[in-house]
Amino acid sequence: MGTYVVVGAGLVGAATAWQLARRGHEVTVLEGRTPANAEGSSHGSARILRYGYADPFYAQMVVDARREWRELERSSGERLVTRTGSLDAGAGRDPAALAAVLARVGVEHELLTAAEAAARWPQFRFGGGGQVLWHPGAGVVDAEAAVAAMLRLAEAEGARVETGRPVAAVERVGTRHRVVGVDGRAEEAEKVVVAAGGWLPDLLGGLGLPDSFLAAFPPLQVMQENAYHFPYRDDPGETWPTFIHKESDALVYGLPGGRDAALPDGRSGQKVAEFNGGRPIRSAAAQTGAIDPANRERIVAYVRQALPGVVPEPYAETTCLFTNTPTEDFVVDGAGGITVASPCSGHGAKFAPLLGRIIAEAASDERPAPERFRVGAGRAAPPAR
């Protein structure tokens, strides 16, 4: 068995630590702040788990990830995924093409007319006719609870979780690595996994990776995104479905907000946001937390037109981070005992426990990561979404 340092205690870092620890490895997790903190990408209780991908590779990965979520729920004794079902609408989503992919990977679904969908879900307005895809197995992931559960399970297997330990660099010391913090404190291990999310652009050059690896690494774009919570007009009775709607270039998504913005009576509203509708920043270190007024206007106008079941006045709003690759593919690759993991582009949360397994297996040389996650894979297909 080996010794590992995992840098970052968000969804990916926590999942990797759990998977390494349960395999008998000695694991230390270094988290710059606290696990699933609000300055990263794994905080809060509401992330969409959906099967609706145009790319069969990712649709199959969701099928595989759902099995891993069930195992995590059994191991932790917690419910971490709430089933809500999901709707895909708009010509830009091409619901019929998505349905064909779901059929290919064996996921239950229905393809409806806009009129049929409006009759079933009157809280939505499916303008423009066309078709609407419904897949009932989709849901919402409680990201923050999942991080806590995976870290508890990792600690039960002997892992050590250190908070308030931001990392500055990784140095080679003989056959081992020395992970140095900004305060000078260091941890040594045989291997290192870096799961730093939006902080990765600032850290990547200090990891001691070969120049050829860094030259082939896909450029990362960190986006400070905006999200808004709208109150339901009436008691929804049952949980609203999640949705993704794309008519042209703009993609809007929504999901029940969970604990992220509870109203005084304990209920929550619908969380609505525009994918990559925020502004690019250098890294997580440059985030301001300031909402873009123009983005707010666009989303309120969208809600007024497309979501008659909510009041078009946000009662809460927040920012979050997406770390994007050009193709929206994930990165799981490394060199010399250092593995860099960036399951990103705003769609990684749903895969967390599966990604932990993939990363742990790659870092321990048990099994390589999928080829398309490798640096320099040269994928030129359209974005994964």
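Me: Why are α1 and α9 called oblique to each other?
Reply: In this predicted model, the axes of helix α1 (residues 11-22) and helix α9 (residues 352-363) cross at roughly 55° and come within 7 Å. Angles under 35 degrees count as roughly parallel, over 145 as roughly antiparallel, 65 to 115 as roughly perpendicular, and the rest as oblique. So α1 and α9 are oblique. Axes are lines fitted to C-alpha atoms over the stretch in contact, with angles from 0 to 180 degrees between N-to-C directions. Helices are DSSP runs (H or I, at least four residues), numbered from the N terminus.

Me: Which residues of α1 and α9 meet?
Reply: Contact means heavy atoms within 4.5 Å. Leu-11, Val-12 and Ala-15 are among those in α1, and Gly-356 and Ile-359 among those in α9. The contact has 8 nonpolar, 3 polar and 2 charged residues. Nonpolar covers Ala, Val, Leu, Ile, Met, Phe, Trp, Tyr, Cys and Pro; charged covers Asp, Glu, Lys and Arg; the others, Gly among them, are polar.

Me: What makes a space in this structure a cavity?
Reply: On a 1 Å grid over the protein atoms alone, a 1.4 Å probe fits there but cannot get out. The structure holds 1 cavity of 30 Å³ or more. The largest cavity has about 80 Å³ of space. Its lining (an atom within 4 Å of a point) includes Phe-124, Arg-125 and His-245.

Me: How is the model read?
Reply: Residues are numbered from 1 along each chain, and side-chain values use heavy atoms, without hydrogens or water. Local features need pLDDT of at least 70, side-chain atom pairs 80 or more, while totals for chains, interfaces and linings use all residues.

Conventions:
Helices (H or I, at least four residues) and strands (E, at least two) are DSSP runs, numbered from the N terminus. On a 1 Å grid over the protein atoms alone, a cavity is a set of points where a 1.4 Å probe fits but cannot get out, and a pocket is an open set with protein on both sides within 12 Å along at least five of seven lines; lining residues have an atom within 4 Å of a point. Grid points are joined across faces, edges and corners, and a volume is the space filled by probe spheres set on the points.
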